[in-house]
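Dear colleague,

Please read the notes with the structure open beside them.

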Amino acid sequence: MPTEEITAAAAGSWTLGDRTVRRMGFGSMRITAHPDADRAIRVLRRAVELGVDHIDTAAFYVSPGGTLNVGTGPARYATELIRAALAPYPDDLVIATKVGFAYDPATGLVEAAGPAQLRAQVEENLRRLGRDHLDLVNLRIVKRPGRDSVAESFGALAELREAGLIRQLGLSNVRLDHLDEARAIAPVVCVQNNYAIDNRGDQDALLRECGERGVAFVPFFALAGANREAGACAEHAEAVRAVAAAHGATPQQVRLAWTLHRGPHVLAIPGTGNPDHVAENVAAGALRLTAEELAALG
């Protein structure tokens with residue numbers, strides 16, 4: 001399928017609180033992997049040129065080490081690369097970040113222990129992005145059934161929202177009861193969970209519930225599946241390959257198209273550190289699958 005002339009508008013739009021964004025976004029985790037910062041800057045600028053108006057990031061997206069556990073040389077923070085590439089930021093650009101964890105070069109990822117550490121993480125994001133407020137902050141948690149209430153942490157972020165440091169709030173790596181708990185405190189505009197065509201877990205019910213409540217569902221690892229931080233899946237089911245061949249598309253584009261077909265409230269945030277892959281990912285938003293193809297994909 002053609003790529004260069006297709007923009008993110010092909011995927012349609014969704015409203016995050018008081019901001020309308022195109023459903024095809026960009027995930028910034030992988031831009032830190034390559035030691036050439038100019039390469040990351042080209043990737044980010046190309047995404048925006050193609051109409052992407054929401055970018056997912058976190059202050060703990062950093063290399064060497066970090067969530068990818070790769071690389072050598074000086075520290076490369078995704079948030080700082082975004083600033084270098086895109087500041088002063090376009091008025092319509094929404095940057096979504098995550099708190100709940102920070103990266104310590106000595107010990108790795110460190111979970112926030114309370115409101116003071118959450119505020120410090122918000123302030124780190126503000127500093128590294130060069131912003132006076134954050135468009136969207138997702139509270140990232142570790143699920144520990146019976147002892148993973150989000151009330152205190154989400155309440156702390158709600159206070160920072162009231163203070164003007166945060167515009168909108170979301171949740172990451174959560175269950176339905178977390179969504180209920182958080183919505184009793186402040187509005188929740190999105191849920192960001194691990195979800196892919198071949199790695200759905202028990203997320204289908206939560207995805208549907210989010211749609212009924214007008215909450216965006218934002219899958220991460222839609223391209224990677226069970227590979228997670230290791231990168232895009234290279235092994236694809238026969239049905240995925242067949243649909244790709246029928247459309248003259250790649251299996252990766254079919255994975256993204258399937259993701260967007262899960263509901264009008266589902267946003268995609270494919271990430272890449274390769275400038276050549278940006279247009280290919282964005283073009284997947286124009287791929288329309290038939291009911292028969294969707295049934296075959298499962």
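The largest cavity is lined by Leu16, His54, Ile55, Asp56, Ala96, Leu136, Asn138, Cys190, Gln192, Val218, Leu267 and Ile269, where a cavity is a set of points, on a 1 Å grid over the protein atoms alone, at which a 1.4 Å probe fits but cannot get out, and a lining residue has an atom within 4 Å of a point. This is a predicted model, in which local features need pLDDT of at least 70 and side-chain atom pairs count only at pLDDT 80 or more, while totals for chains, interfaces and linings use all residues. Residues are numbered from 1 along each chain as its sequence is written, and side-chain values use heavy atoms, with hydrogens and water left out.

The volume of the largest cavity is about 80 Å³, a volume being the space filled by probe spheres set on the points, which are joined across faces, edges and corners. Strand 4 (54–56) contributes the most to this lining, with 3 residues, and strand 10 (134–140) and strand 12 (190–194) each supply at least two; strands here are DSSP runs of E, at least two residues long, numbered from the N terminus.

The second largest cavity holds about 40 Å³ of space, and its lining consists of Leu16, Arg19, Val94, Asp135, Leu136, Arg167, Gln168 and Val189. Two or more of these residues come from each of strand 10 and strand 11 (166–172).

In total, 3 cavities of 30 Å³ or more were counted.

With best wishes

Methods:
1 Å grid on protein atoms, 1.4 Å probe; cavity = no way out; pocket = protein on both sides within 12 Å on 5 of 7 lines; lining within 4 Å. Helix = DSSP H or I, 4+ residues; strand = E, 2+ residues; numbered from the N terminus.
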